[in-house]
Amino acid sequence: MKRNYYPGCTLKTKAAQLDANARAAAEALGVTLEELPEWQCCGAVYPLARDEIASKLSAVRALEAARQNGGELITLCSACHHVLKRVNDDMANDPDINLRANNYSAFATRYSGETKVVHYLEMLRDTIGFDEIAKRVKKPLNGKKVAAYYGCMLLRPSDVMDFDRPDNPQIMENLIRALGGEPVPFSKRSQCCGGYTTLGNKKLAQDMTEAVLGVAKTDGAELVITACPLCLYNLNTNATETQLPIVYFTEVLADALDVRQDADAALALAGRECACTE
């Protein structure tokens, strides 16, 4: 089966392994991710100002392109998913934003949130099914203790994102079980890693990161997985005391399916030469 796919900017550069392993795993599971043609940056951060419209237009264009080609859009980067899902909600429920975005974009048919925005993890759960994934596993985790780190953007605001229970998410834990691992549902898994505060207040970001990883390690985690490039960066860069391996969930999935892509292959797929040693 084929699905419209929005990778986003970071998955073409620093997060190439998130993208490459997602594509490889999807193919192994019978799904072809077809990248939207001529997509643009989603805006990276959802604007909170109610009268802000310009930074939402690229997301609206992506949503409209998906509507024209089946009406569903698979996302992967947590930030991109957050922006696209919330902008789609605006187009469906905010008459002022809907009016101004459509007036500016001048689509042949008015866009009003018809596209269904689906995160890759939701596709695994709802379209393929974790039981089916378990049948395809070739290299199981063999009981490895894995902590799933969600961060902020996949879960909140819960009434719009509708991704999983914000107080007790299970989607990545169920994936870990399907791959033969033992999930570690630690208490800080949906706490902020520090996000962009790392640019202006490094100490705060370090404290927040250490709080997350410290609890994960104390609870027995041997590995941490995430879907968010910014979370991966913060957890890998800002931990001051606690050391744990942190990877994208797609790397673990692809490895279990025996289709994992190395760094060179991931960057080549993203259209770049490997810069791993720079």
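Guide: A nonpolar core is a set of buried (under 20% relative accessible area, 1.4 Å probe, protein chains only) Ala, Val, Leu, Ile, Met, Phe, Trp, Tyr and Cys residues joined through side-chain atoms within 4.5 Å. This is a predicted model, in which local features need pLDDT of at least 70 and side-chain atom pairs count only at pLDDT 80 or more, while totals for chains, interfaces and linings use all residues. Residues are numbered from 1 along each chain as its sequence is written, and side-chain values use heavy atoms, without hydrogens or water.

Visitor: How many residues does the largest nonpolar core have?
Guide: Y120, L124, I133, I225 and F249 have the most contacts (heavy atoms within 4.5 Å) inside this core. Leaving out residues up to four places away in sequence, I225 touches V146, A147, A148, Y149, M172, I176, V247, F249 and V252. The number of residues in the largest nonpolar core is 85.

Visitor: Is helix α8 mostly covered or uncovered?
Guide: Helices here are DSSP runs (H or I, at least four residues), numbered from the N terminus. In α8, residues 171–178, six of the eight residues are buried; they are I171, M172, E173, L175, I176 and A178. These buried residues pack against elements including α5 (120–128), α6 (130–136) and α12 (249–256). Helix α8 is mostly covered.

Visitor: Which residue follows α8, with a positive phi?
Guide: The phi in question is near 90°. The residue that follows α8 is G180.

Visitor: What is the distance between the closest N and O atoms of R100 and D96?
Guide: The two residues form a salt bridge, defined as a side-chain nitrogen of Lys or Arg within 4 Å of a carboxyl oxygen of Asp or Glu. Because R100 and D96 are four residues apart in helix α4 (residues 95–105), about one helical turn separates them. R100 is partly exposed at 27% relative accessibility (partly exposed lies between the buried limit and exposed, over 50%). The closest N and O atoms of R100 and D96 are apart by 3.2 Å.

Visitor: How many residues apart are D255 and K139?
Guide: Their side chains meet in a salt bridge, 3.3 Å from N to O. This pair links distant parts of the chain, with D255 in helix α12 and K139 in the loop between α6 and β5. The separation of D255 and K139, in residues, is 116.

Visitor: Which residue does the side chain of E251 meet in a salt bridge?
Guide: E251 is buried, at a relative accessible area of 5%. The partner of E251 is 2.8 Å away, N to O. That partner is R260.

Key
Helices (H or I, at least four residues) and strands (E, at least two) are DSSP runs, numbered from the N terminus.
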